[in-house]
Amino acid sequence: MTTRRELLKQSTTVAAMLASLGMYPHVAWAQSSTYNAAAFEAKNMGDLMKALGGGTPQESKDVVITGSDIAENGAVVPVGASTTLPGVKRMLILVEKNPSMMSAMFDVTDAIDANFATRVKMGQSSNVFAVAMMDDGKVLFASKEIKVTLGGCGG
Amino acid sequence: MKFKTLYFLLAGLLAVGPVAADTKTDAEFNQMMQSSFRDEGIATVDRLKQDETNAACSKAMGAHLPAASAQSIEKAALASVRPPSDGKYLGDWRAGEKLAQNGRGMTWNEKSAATSSNGGNCYNCHQLSKAELSFGTIGPSLYRYGANRGVTDPQSPTAKPIVEYAWNKLNNSKATNACSDMPRFGQAGLLSEAQLKDLMALLLDPESVVNR
Amino acid sequence: MADPMRIRAQATGDKAMVRVLMAHEMETGQRKDGAGKIIPAWYIQEVTAQLNGKTVMTAQWGPSISKNPFLQFSVKGAKAGDKIGISWVDNRGEKRADEATIS
Amino acid sequence: MRYLISLVGVLLLPVMVHAQTEKSTADSIAEYRAMLADGNPAELFEAKGEELWKTKRGPNSASLEQCDLGKGPGIVKGAFVELPRWFSDTQRVQDLESRLLTCMERIQGFNAGEIAKTKFGKGEQVTLESLVAWISAESKGLRFNLSQGHAQERKTYEMGKRAFFYRAGPYDFSCASCHGQAGKRIRLQDLPVLTTNPGDGVGFAAWPAYRVSSGELWGMQRRLNDCFRQQRFPYPGYASDVTIALGMYMGVNAKGAESVAPALKR
C-alpha cells in the first residue's frame, strides 16, 4: 500500500515536473480545439445526433448501461456504458433530464474495450442512456431509469 | 497542624457529602458547554438552556424516567395544549404533505425562526405516504394513520379521541411520552396553528396520501 | 497547478483495468454562490489515455461529470510494467498529465 | 407435475414481486454504495496530506515530521486509532485535529486560534482536511483502542457521555435522539448507534470521510459541527472541549472497531 503510493507519488511528481518543462516524452497533451461544444449543448437526442452526425438511435440489447436503480445522491451517480459489438467508433453517456443531455463521449480504438465507467451529476430522476455509434453509421442504445432520492434531512 | 487540616477536610466532606461532587461535575459540565459554543445567526448560545423536561430526560441518559416524574411532565405538557381557536382540527392535506417533506427550520443556516420558514421534518423520522420511499424510522410509521384507526369522517364523534390525540401529539409530543424524541411543534412555536392543522389533515383526511 | 491524479492500472490476462481519480471542481456554471452570483463553469473537457506513449483513448466531457472525476476503462494487450499515461485539459486551458506503471 | 409447478409459480409470482419491491430500496442503495466504494476520491486528499506533512511550511518554515500524535514524534502509523488521548505537553486531552493545531502552532509557527476560527474549506482548514485524510489512512484496518488510563481521559469520557445525552434547543434534540438506538435512519440514511461499538467501519470508525454530496473531505470536527447544526444547537468551536469529549466518548465506545477511514459518505 505505502509502496504503491510512494511509487505513484514519485512518478506523478516527475511527470508533473517534466510536463511543466514541456519535456515529458510519453504523454501528449489533450487537444482542446476538437471539443464538440454543440454536442455538449444539445438538449435532446435529435439535436445531439445532428451535432455528432449520427442517425436515429435504435434500442439494442447488445449495448449495456450499468447503474444502480436508486442514487442516494444526485451529485455522484455511477454509470457505465459498454458493448462487445465489433466496429464501435464512439460510446456516449447521456442523462435525459439534465440541462444538457450528454455527459461523456469516448472515442474507441482497437487498443481498448468499448467499456467505460464514470460518475455523473443528475439534477433529478431520469433515464440514462448508453449509446454506441458504429463504423457503419448505425447508432444503438440502451437505457435505464435511475431514481435520485432525497438522502438526508433536507435541511 | 496536620491533624487539624485533616479534620477540617473530613468535616467538609461529611457536611456536603456526594452532593458536592455532583455539583462540581455539573458546574464543570456547564462550563464546558458554555465555553464550547458560540452564537451563529439565529442559533444563539441561550439555546443550551434546558427546561425541566429536557433536564430530566438528559439526566436519565436514555433510561426510563421514574413514573412520578414522567407523569408530572406529561400532565404539564398536556395542560399546555389548547384546542384550535375555531374548533376546526383539519386543514389542507396537500399543504400538510409539503410541510411533511420540508426538513428545514431553526438551524444556523436559516435566516428566520418564524413558523413560515420552518418545515415539519416529518419524513425525516416517519413513513407517511406509500409513494415516498425516502423516509426515516426514528418514529413509528404513520402510513394509513387515519385509515388504520377507522377514521372515515374526522368530524364524527367516534373519531374525536383519535383527532384530539394527534392534535396533542403534534402540539406537545411530551403530553403522551415525557421523553419523546419528537419536537414540541406547537408549544415550542415551531409551527403555526394553520400549519399544524394541515399536518392533521395529512394524517386524518381520508383523501390524503397517507390514507388512500 | 492542479493536484496530481491517482492512477491505478492492474493487468489481468492480456488486458489492464485502469482506474483514474482526478482532482477537479467540475463546476457546472449553473450554481450560485452565497451572494447569488453565478459561479462560472470550470470543468475538464478532454481526457487522453496512452499506453507506452501511444494514444489509446480520447474522451470529451461535459460539466455534468461529477466533482473529482472517476474514470474506468480497460486497455488491450497491456502487461505489468507497461506505462499508462493520462492527461486532461479543462475549459480554462489548464492541464495535467500523470503516469503510472501497470502492476 | 409440470402443471403443478407452473401453477405454484403463478400463485407465488405476486408474492415474490411484492417481496422484491419491499426490499428493492435498501438493495438499490446498497448497490449504489458498492459501485462508489471502488475509487474513493479521498485518495486524492491522502496524497496531498502526505505531501503537506513533509513540506516545510508556515512562519517557521518547518515540516510536521516531528509532530507527536501520541506515539512519539513523527510516528503516524497507528496514532489515529488511539485518539483522543491525554498529552502531557499541553496538559490537555486532544483529538487529532486539536493536536494538529498544536503542532502547526508550535512547530510551524501558525496561529492555532486563527485556524480554529477559519471557515471549513478555507485557508489552513483545507490543509487540515488533507492531513486528517492521510493520517487516518495510515491506520486503515487497525482497531480503535483509546486509553482510559489517565484520570483526565476518564473524566473527558464522562463529560462526553453527558454531552451526548444533553437535550436542548428548539427541537429538544440530543446526539442520542438519532444515535441512541440501533437500526434507525433519517430519510434513507442509516444512523449508527454510538452508545456502544456499532461495528467495523461504522460510526466513529468511518470518519474522516469524503462526502459525495459536497465533494469535500470531512474530519470528525466537521462531522460533529454538522450534527450540532441539525440538532439545532448553537455553533460548536473547532476543537472545542465538547467536541473532544464527544470524540472520547464515541472512540472509547468503538473499542475494537476496525477503522476504514477515510471512508466514502453520502
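Predicted model: local features only at pLDDT ≥ 70, side-chain atom pairs only at ≥ 80, totals over all residues.
On the helix 2 side, the contact is made by F45(D), E46(D), K48(D), G49(D), E50(D), L52(D) and W53(D). Facing them from helix 5 of chain D are V126(D), T127(D), E129(D), S130(D), L131(D), A133(D), W134(D), I135(D) and A137(D). Sorted by class, the residues of this contact come out as nine nonpolar, three polar and four charged.

Helix 5 of chain D turns up again around a cavity. The second largest cavity has a volume of about 70 Å³, and helix 5 of chain D gives the most to its lining, with four residues. The lining as a whole is made up of E97(D), F120(D), G121(D), Q125(D), L128(D), E129(D), V132(D), L217(D), W218(D), G219(D), R222(D) and Y238(D). Besides helix 5 (123-137), strand 6 (216-218) of chain D also gives two or more residues to this lining. The classes here split into six nonpolar, three polar and three charged residues. E129(D) has a part in both places: it lines the second largest cavity and also belongs to the contact between helix 2 and helix 5 of chain D.

The largest cavity has a volume of about 150 Å³. Its lining takes in 16 residues, with F80(D), D95(D), L96(D), F204(D) and M220(D) lying nearest the centre. Helix 3 (96-106), helix 8 (220-230) and helix 9 (241-253) of chain D are the elements that give two or more residues to the lining of this largest cavity. Eleven of the lining residues are nonpolar, three are polar and two are charged.

Helix 3 of chain D deserves a look of its own. Nine of its eleven residues are buried, so helix 3 of chain D is largely enclosed by the rest of the structure. The buried residues are L96(D), E97(D), S98(D), R99(D), L100(D), L101(D), T102(D), C103(D) and M104(D).

Note on methods
Residues numbered from 1 in each chain as written. Chains lettered and ligands numbered in written order. Heavy atoms only, no water. 1 Å grid on protein atoms, 1.4 Å probe; cavity = no way out; pocket = protein on both sides within 12 Å on 5 of 7 lines; lining within 4 Å. Points joined across faces, edges and corners; volume = space filled by probe spheres on them. Nonpolar A, V, L, I, M, F, W, Y, C, P; charged D, E, K, R; others polar. Contact = heavy atoms within 4.5 Å. Buried < 20%, exposed > 50% of the residue type's maximum accessible area, 1.4 Å probe, protein only.
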